[in-house]
Amino acid sequence: SIMWRKASAAALLALAVGFFYHGSPNLPENVLRYISVPNFQSSSQNHNGQNRAEWIISAAWDTLITLPSRRWSRVAVGVNACVDVVVSGVGLLQALAVDPGTGADHEVLHSKEDLKEAFLHYMERGAAAERFFSDSEVFQRIARAAAEYPGAKLYVGGNAALIGQKLATYPDLMVLLCGPVGPKLHEMLDEQILVPAESLQETDEFHLILEYKEGEQWSSTRAPQANRFIFSHDVSNGEMSALEVFVASLDEFQPELVVLSGFHMMEGQGRQLWEGRLKEAIAAISDIRKDFPIHLELASMTDKDYMNRIMQEQVMPIVTSIGLNEQELLFLSQSGQGPHSDLAAWKGIPDVGQVSDILLWILEEHGRGDALSEADLTRIHFHTLAYHILATVEGHWGNQAAAVMAGARVASSQACGLQAVDVSKVELKAPLEFYSSHSEPREKLILDPAEPVTTWHRGSVTFHMTPVLVCTHPLRTVGLGDAISAEGLVYSELKTQP
């Protein structure tokens, strides 16, 4: 077809431009004068509405991203898993036959009335919120009604389950998933995923996501903008109760890599519970750290004491790798009085130099960045909307340039709901020039679209940075961080230590 021929010609052009650029950086300006593709620095568009930089980055990724020579064949993932039910909030509450009335916030929901009041409270503000529903029986009835509500969408939820799903797309990779897996989740999981019998339970852990649209009205309440209200009665994930089963099953499964997530779920249980439970979790992880590398996937937290405990009290030093985003990175620094901890929040795209400073601090303070350290932490995979950075302590990891590009490529395609990057639906938002640090001494660095990985070194730490081609109309961003970390791990190789 004509479309296919055009696409092929365009792909060849992008590869050719990339090839010329790679071989002689001065050549493209002459070549491109004749094929009229705009230059990088001006984000002007050509007549197809496509920018040359996006084309070249996407083509370069496809050429440069290669799997490592030694690949994982068995990966164990735990411990948070659930079913996300996305449904119209007003529609569900009407189906539950509650009268609209007025909104009021509740820290914990005890009844349908509390649910309705809290939902209305946030709907009229257009704000997101997440709450715990205390009554198990009432919650199960609401969850059933939500799952059967016309137009309700059910998705695999929980970081561990989402990471497992992503890993299972590689046919040669055997994945063990431990977490609270009920019948619905079991049916939705990839058939390649092994779930130990002890992880199966009679009912699913449902997380109900009540959506409302901008301008949507219920009685006298009107939503100023679209958002969602989330609630669950999720005790298993909140207490990380699958952790011991997970640790026990590793002996038999013998993974080459362990991926751990769900610590953020405990924060909501209150200090009395998490204090004791965290000690038990650390003891359980300490048992396995000698045998397997462990990747810890962080998620949103709000309690600085809790985050500090995770850093200081031995979670961070006993894992090998961590994955996090810009909020989690800044929160880590604020909790431990690290670099730039006086920043209340990032303004726009996080500054590469500031991010680099915090990553170095984590690896030197809590990881093996200091040669005398006993810590295991040697790798951090950082992701934000516009770019990703992989920071590793030298001598421990291989194939990291490909790994960071692979994570960015999956973010660029999956956010648009696609299997591959479509350059007409993405845009480059990363800075083309930046610094290796926020303070002197620092190096000025550039992003070269034909070789879209910028590398720098600080102490014993190597940084690899790549841009993301940001989806202009994202379809579903839930689980994007999990997909990025999973993909980065698939392309990473752990070097055997002498």
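Q: Is His340 buried or exposed?
A: The classes are set by relative accessible area: under 20% is buried, over 50% is exposed, and partly exposed lies in between (1.4 Å probe, protein chains only). His340 has a relative accessible area of 16%, so His340 is buried.

Q: What kind of model is this?
A: It is a predicted model, in which local features need pLDDT of at least 70 and side-chain atom pairs count only at pLDDT 80 or more, while totals for chains, interfaces and linings use all residues. Residues are numbered from 1 along each chain as its sequence is written, and side-chain values use heavy atoms, with hydrogens and water left out.

Q: Where does His340 lie in the fold?
A: Helices (H or I, at least four residues) and strands (E, at least two) are DSSP runs, numbered from the N terminus. His340 sits in the loop between helix H14 (326-335) and helix H15 (352-365).

Q: What is the phi of His340?
A: Most residues other than glycine have a negative phi, and most peptide bonds are trans. His340 has a phi near 60°, which is positive in a residue other than glycine. Gln254 also belongs to this topic: its phi is near 50°, a positive value in a residue other than glycine.

Q: Where is Gln254 found, and how does its accessibility class read?
A: Gln254 is in the loop between helix H10 (243-253) and strand E12 (257-261). Its relative accessibility is 45%, so Gln254 counts as partly exposed.

Q: Which residues does a cis peptide bond join, with omega about 10°?
A: Gly78 and Val79 are joined by that cis bond. Val79 belongs to the loop between strand E1 (74-78) and strand E2 (82-88). Another cis peptide bond runs from Glu440 to Pro441, where omega is near -10°. Pro441 has its place in the loop between strand E19 (433-435) and strand E20 (444-446).

Q: How many disulfides does the structure hold?
A: A disulfide is a covalent bond between the sulfur atoms of two cysteines; here the criterion is a pair of cysteine sulfur atoms within 2.5 Å. The structure holds one. Cys416 is joined to Cys471, with an S to S distance of 2.0 Å. The link of Cys416 and Cys471 is right-handed, with 120° about the S-S bond. The two cysteines are 55 residues apart and link distant parts of the chain: Cys416 is in the loop between helix H16 (400-414) and strand E18 (426-428), and Cys471 is in strand E23 (residues 469-471).

Q: Are Cys416 and Cys471 buried or exposed?
A: Cys416 is buried because its relative accessibility is 8%. Cys471 is also buried, at 8% relative accessibility. Two further cysteines can be read in this way: Cys82 is buried, with a relative accessible area of 4%, and Cys178 is buried at 0% relative accessibility.

Q: How many residues of helix H17 (residues 480-490) are buried?
A: Eleven of its eleven residues are buried, and the helix is mostly covered.

Q: Why are Glu275 and Arg271 separated by about one helical turn?
A: An α-helix has 3.6 residues a turn, so residues three or four places apart point the same way. Glu275 and Arg271 are four residues apart in helix H12 (residues 271-289), which means a separation of about one helical turn. Their side chains meet in a salt bridge at 3.3 Å, N to O. Glu275 is partly exposed, with a relative accessible area of 28%, and Arg271 is partly exposed at 37% relative accessibility.

Q: Which residue meets the side chain of Arg277 in a salt bridge (2.8 Å, N to O)?
A: The partner is Glu280. Both lie in helix H12, three residues apart, about one turn of the helix. Glu280 is partly exposed, with a relative accessible area of 44%, whereas Arg277 is buried, with a relative accessible area of 11%. Arg277 and Glu280 are linked with Glu244 in a network of salt bridges.

Note on methods. Salt bridge = Lys/Arg side-chain N within 4 Å of Asp/Glu carboxyl O.
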